[in-house]
Amino acid sequence: MGLSKIWIYGEAREGVVATTTLELLARARSLADTVDVVVHGDASPLAADLGAHGASSVLSVGDLGEGLPGPRVASAIAGAVSTGTGPDVVLCGTTYDGRDVAGRLSAKLDAPVITNVVDLVVDGDRLLGVEPVFGGTTDVTTGFTGAGTAIFLVRPKSFAAEDAGGAPATVGAIEVGDLGNTAGAVVKNRFVEESSGPKLDEASIVVAGGRGIGDAEKYEMIETLATLLKGAPGASRAVVDSGWVPYSYQVGQTGKVVKPAVYLACGISGATQHLVGMKGSQNIIAINKDEEAPIFGVADLGIVGDVHKVLPKLIEALKAR
Amino acid sequence: MIVVVCVKQIPDPADPGALDPETRTLKRDVKLILDESDSYGVEMGLQLVDAAGEGEVRLVSMVPNSEVSGLRTALAMGAESAVLVSDEALAGSDALATAKVLAAAIRRCEPDLILTGTESSDGYTGTVPVQVAELMGLPSVTFAKEIAVADGVATVKRQTEDGYDEIECSLPAVVSVTAGVVEPRYPSFKGIMAAKNKPVDEVDLAGLGIDPSTVGWAGAGQEITDIAEAPVREAGEVIVDEGDAHERIMAFLDDLKVL
């Protein structure tokens, strides 16, 4: 097939392109002659930024109205494939909407998806996806055996977004087919859960709490520390599943991937599920009672100790600055 | 109201997993249990049936080897029956093949609502719920944290990057349930006893009209080309707190000039 054309499912909010989309562009532009981005809504405000990051054109599937992106975007891409104007490869970010697009497109094209990809490598005339398994101790590389469209779901933060100084992308449109019942879900209201400070996946410092924190009330210490360090609070899956904090706090395989300058893991043992989401951090500090805890295997500074003793003193020391 | 909940039986995540060197997929020759991620969908289904005052929860699952122990756990929680697609040819199925088989089994249950987890704890592709929806021509809402059903419409709170959306969805629909949003009940002794006699309808691929060459190893559209050890992150210094560990942390942060 030859990698002539890659399409990226592009996400944006209020006219600003999502970092995940720019990350995908950074990798894709070195892999194919043409990289286009498929978006919904008005594409023109996005053209300059997408072009600068390597997109040739930005193609809109039109206004979603109150609908969800999945059915509409998948229908448009599948339609282009069926008329021979589609891409060789489709890249979606592992995001809420990116998974919807990839899943629906996969069923429409009868083509599998390679998921949880953290790197894309060229193998002759096809693209392979690298997926970490067993908590990131093993890398599995997978390729498609068929000749159809190759769909990859790529985890956020796998590549660094970088402005390549390209000209603004050409703005175009692609047609959406009959959606039938698949468009039956409509958004009635949007709620933003206000959190002060930087976003978890963008913060340069992340303070994360695990089961060792003890209970929901003591999680306050994590919030306080995060505020003092101008960072973002995070949590392990155990803490989120216990209902102490919302799902949006979760770091790990099923949560967010973070790569801050400093990751402070408090009362987190370091289950593989968690390590996958944070071991790319530049510096890791871990506090845990159990000296055998796997988190110490990735920590630059490990403290074998009780978070209930260490954290209050750390909070006092930071307040004193 | 008929709520179908898709459940997966997986090797116990507490046991360290391993790849079979021959097939290059997860070894599954161990005892299988109910994937914890699916217990939230089972609980959500039971609560919705309770709220509706009528109907039942039916389970749909697939395995290559007739395994039912994980299904019994969900039946003990309160599901009424299960359809188990069991066929040796299912071994090695990818997510899309899984979705095709589940969709065929779900159609037999004539559900008003189909619930799933957001992703399994062993394969975690996270694409099956939406693939099932597309194959069945249904709408889907992924990452639900709350679901209510009234007058043939589901109202769902869906997780977003910075909060949640309130979504109305025509039924039938596929809704994936985020882990942790409800507290899965523990099976009672009575429930465990009752589960032993609840119907598990075991069907094979022929019974569903699915060509075995389209699933499992035979139907896989992808191949593993390499398995390698990932670069290891070097562990640093580990100290035991003698009451002054916070000073070490402050010094570490000072060195990084992040304070």
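**Where chain A meets chain B**

Let's start at a strand pairing that crosses from one chain to the other: strand E13 (residues 185–192) of chain A and strand E9 (residues 163–170) of chain B run antiparallel and are joined by 7 bridges. Keep in mind that this is a predicted model. Within this pairing, you can find Arg190(A) opposite Asp165(B) in E9(B). As a reminder, strands of a sheet pair through backbone hydrogen bonds, either parallel or antiparallel.

E13(A) and E9(B) belong to an open sheet of 10 strands with mixed pairing, in the order E13(A)-E9(B)-E8(B)-E7(B)-E10(B)-E6(B)-E1(B)-E4(B)-E5(B)-E11(B). Which strands form the edges? They are E13 of chain A and strand E11 (200–203) of chain B, each pairing on one side only. On average, neighbouring strands of this sheet are turned by 30° against each other, direction ignored.

Further along the sheet you meet a parallel pair: strand E1 (residues 2–6) and strand E4 (residues 56–63), both of chain B, share 5 bridges. Here Val4(B) stands opposite Arg58(B) in E4(B).

H4(A) lies across strand E7 (140–150) and strand E8 (153–160) of chain B, and runs at about 95° to E7(B). H4(B) also packs on the sheet, where it touches strand E6 (113–117), E7 and strand E10 (173–177) of chain B. The direction of H4(B) makes about 65° with that of E7(B).

These helices also pack against each other. Helix H4 (residues 96–109) of chain A and helix H4 (residues 128–136) of chain B have axes 8 Å apart, at an angle of about 45°. That angle is why H4(A) counts as oblique to H4(B). On the H4(A) side, the contact includes Arg99(A), Asp100(A) and Gly103(A), and on the H4(B) side it includes Val130(B) and Gln131(B). By class, this contact has 3 nonpolar, 3 polar and 5 charged residues. The crossing of H4(A) and H4(B) is right-handed.

Let's step back to the whole interface. Here 73 residues of chain A are in contact with 66 residues of chain B. H4(A) gives the most to chain A's side, with 9 residues. That side has 33 nonpolar, 25 polar and 15 charged residues.

Finally, consider chain A by itself. Chain A is divided into domain 1 (5–183) and domain 2 (205–320), and the C-alpha centres of these two domains lie 33 Å apart. Each domain gives 7 residues to their contact.

Technical notes:
Residues are numbered from 1 along each chain as its sequence is written. Chains are lettered from A and ligands numbered from 1 in the order in which they are written. This is a predicted model: local features need pLDDT of at least 70, side-chain atom pairs count only at pLDDT 80 or more; totals for chains, interfaces and linings use all residues. Axes are lines fitted to C-alpha atoms, for helices over the stretch in contact, and angles run from 0 to 180 degrees between N-to-C directions. Helices (H or I, at least four residues) and strands (E, at least two) are DSSP runs, numbered from the N terminus. Angles under 35 degrees count as roughly parallel, over 145 as roughly antiparallel, 65 to 115 as roughly perpendicular and the rest as oblique. A crossing is left-handed if the near helix is turned anticlockwise from the far one by less than a right angle, and right-handed if clockwise. Two residues are in contact if their C-beta atoms, placed from the backbone, lie within 7 Å. Ala, Val, Leu, Ile, Met, Phe, Trp, Tyr, Cys and Pro count as nonpolar, Asp, Glu, Lys and Arg as charged, and the others, Gly among them, as polar. Domain bounds come from an automatic or database domain assignment. Two strands pair if DSSP finds at least two bridges between them.
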